[in-house]
Amino acid sequence: MSVTDASIIESTLREGEQFANAFFTSDQKLEIAQHLDAFGVEYMELTSPAASPGSRKDCERIAKQGFKAKILTHTRCHMDDAKIAIDTGVDGIDVVFGTSSILREFSHGKSIDQIIDTAIEVVQYIKEQGLEVRFSSEDSFRSNLVDLLRIYRTVDEVGVNRVGIADTVGVASPMQVYEIVRTLRSVVHCDIEFHGHNDTGCAIANAFCALEAGATHIDTSVLGIGERNGITPLGGLIARLYAVDKEHVKAKYDLSMLREIENLVANCVGIDIPFNTCITGYTAFTHKAGIHAKAILNDPSTYEILDPSDFGLERYVHVAHRLTGWNAIKSRAEQLRLELNDDTIKEITAHVKALSDETAAVGQVLDASPDVALSHDNTAPIRKIWQKLGQDRVVIPEKMAFTMDHAVPAPTPKHAQNHVETREFAAEQGVENVFEVGRGVCHQVLSEEAVVLPGQVILGSDSHTPHFGWMGAFGAGIGRSEMAVIWATGQMWLRVPESMKIVITGELQPWVTSKDLALHIIGELGADGGLYRSIEFSGEGLFKMSIESRMALANMMAEFGAKNSYMPPDDSVFDYLAERLARRTGVSLDEASRTVREDALYPSPDAEYVQVYEVEASQIGQQIACPHTVDKTCSVSEVTNVKVDQAFLGTCTNGRIEDLREAAKVIAGKRVAAGTRLLIVPASSEVLEAGLEEGIITEFVRAGAVIGVPGCGPCMGNHHGVLAPGEVCISSANRNFRGRMGTPDSDIYLASAAVVAASAVLGRIGSPSEVLEGAAV
């Protein structure tokens, strides 16, 4: 049998549930199953119905759908589990028994003879019910081969449909897999299934070697998710099979769906698709080396084993960097319909190379030295990572900024200890930019204090650091280990992102905000539409927005997948920052004004963009992002039947005084609806003070709202408004994925501050006009 004739047993709905961040709802499972069935997998394997009542209901629900793919479930080789599984209506049952000596000693305590007796009983019973059955050993590669073959021969004689080889801990090498499967092929007549984990990075290679040795079925999961490092990824196996016989694989599967499937699952479990993922990684079909360019342009197969068009994707050939070859420049000139001779092309290429040695080019990896290194409540755990580097002094104390904002006041002794350790570390290292409990959310506070200025680089151990694009600064979120390296060296590697321009024309309508604009953009282009891109905003519509509205728009680009956002700074930006810089440092306003302007950067007239997207602001209406992804957007009018248990106004996106003012216009003289609670958490102490001076806070309290300490509040599910299972929250925050506000069994809708306030008064999702005019819009 050809390796490309093998069947895929897609196990995302079983193995994927064991992924660290996974919690699939029943509806998500059904949606994933629908996509996989449309893609063309032969089997789908679900979690054992004996695992929980919900798992049993999910098996029953999916088994009733009438999919082309056969529906399997995975259980212990145990009669009780088998009977439960049979009742769900699945097409087949995959039973498993641990066979290695370590599992027999520390897991179930059964002997080989006992395993055989149980296997015969369970397999025969399932066969009698007319279902497919597979028997698999667990931890096959640490099991005694003689024992394995004896068990497999027995169940084969009983009439099992498949026997399974499982590299449960990812210990096997490709050669080991080939040898054991080839040996097994000579012993049994039934089909052979391989299940390989990726702990040592061999899952795809092992799966393919299993096929070459005679296996007939391979277990996969989307993006390879599963326990620990997961199992053989669906996309990786498809890539390998395509390389063997692409026409057969193209005819067998709808390859154009792969990206959609991977995006769906990635969103469900809250991860990004890694850059080096087979086929769908964002660099999978990107070419840069000049010495390859001529061959690629003449025939892409010279350097591509996969054709991106077969997967609904496109290749991208980089130009304008130090590795650029003249053939790439020539190709770009032809695309632009420029008639240039070869000598001119070569002169241009030489000029590009010279320039790229002096300036950063797209795709280039730089040693970046940030002007500001931001961390918050995670400073204490970062410190522990930094200490492992063997240093006792950080190298950039003057560039470091700490805020205590994510869990304030401390809700647990652990959080309190983190705060204590952060204060001690700041004093020990001489870090002066430390903002205490109650000062507010990091991005708002550093903006108010003018710690970051136009043209600067700020790297923060918080994903919403693209916020600082509002002033024309480069802000990017990084991980804790990366921040520890910055403390130790003052630098980290950054890849120069591709640029995308969003042109805003017109002006927003009344009650429509930059939050609505951001949700519209993300809803239209997808949550990964700006993945690792520099998002540049322009157009007269941008400059009609207030500073605070620009902050909200730049901040939301983190939910667009952006590496950073950028808005050209104008006089209103300079004036805002100069006043605050003068106040914080004591310099004159004139000197502060010169300082904030001196490093401001603006786009080159000939800047290149991978995409230009135009949006007419006046055509945007009030938007809602529905559970459980930020790009699942619709008009407010489409969800006015949704009851609201909690309304939350705050966060680094929409907790500014502008937001509180808009909410106060809606709620003035009214009461929060019975059965609904309104939580308001100002983004900073400055915002809280302004709200008190203007009487806004008093208005909120009289309406029945609860006012929280400036900080992140309920946004990340720590405290100050954690949801109960089954509750619905409408939030002015930036994220609504499952479990964001404390429990996975709740729904979060995202909206502007005004819509949040209106919904609190109505007790259901609604618009400000409904509250103020008494008529739905």
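Accessible areas are computed here by the Shrake-Rupley method with a 1.4 Å probe, and for residues only the protein chains shown count as cover. On that basis the protein exposes about 30800 Å², of which carbon and sulfur atoms supply 49%. The structure is a predicted model, in which local features need pLDDT of at least 70 and side-chain atom pairs count only at pLDDT 80 or more, whereas totals for chains, interfaces and linings use all residues. Residues are numbered from 1 along each chain as its sequence is written, and side-chain values use heavy atoms, with hydrogens and water left out.

The overall form comes next. The C-alpha atoms fill a box of roughly 90 × 75 × 60 Å along the principal axes. The radius of gyration, taken over C-alpha atoms, can be set against a globule rule of 2.2 Å times the number of residues to the power 0.38. For 777 residues a compact globule would have a value near 28 Å, and the 29 Å of the protein agrees with this. Helices (DSSP runs of H or I, at least four residues) and strands (runs of E, at least two) are numbered from the N terminus; the protein has 29 helices and 28 strands.

A residue is called buried under 20% relative accessible area, exposed over 50%, and partly exposed in between, with a 1.4 Å probe and protein chains only. Buried residues make up 57% of the 777 residues. Contact means heavy atoms within 4.5 Å. Among contacts with a separation of 6 or more, 74% join residues 24 or more positions apart.

Helix α28 (residues 753–762) illustrates such cover, since 9 of its 10 residues are buried. Among them are A753, V755, V756 and V761. The elements that cover these buried residues include β22 (623–625), β24 (646–650), α25 (657–667) and α29 (768–773). Just after α28, G763 takes a positive phi of about 80°.

Strand β22 contains Q623, which is buried at a relative accessible area of 10%. Beyond its neighbours within four places in sequence, Q623 is in contact with residues including D516, H520, C634 and L750. The loop between β22 and β23 (633–635) holds H628, and a cis peptide bond joins P627 to H628, with omega about 0°.

Most residues other than glycine have a negative phi, and most peptide bonds are trans. A cis peptide bond joins V408 and P409, with omega about -15°; P409 lies in the loop between β13 (400–403) and α16 (413–429). W511 has a positive phi near 70° and is found in the loop between β18 (498–505) and α19 (514–525). H720, with a positive phi near 60°, is partly exposed at 32%.

The cysteines remain to be considered. A disulfide is a pair of cysteine sulfur atoms within 2.5 Å, and by this rule the count is 0. The sulfur of C202 has its closest cysteine sulfur in C209, and the 9.4 Å between them is too far for a bond. C202 is partly exposed, with a relative accessible area of 21%, whereas C209 counts as buried at 16%.
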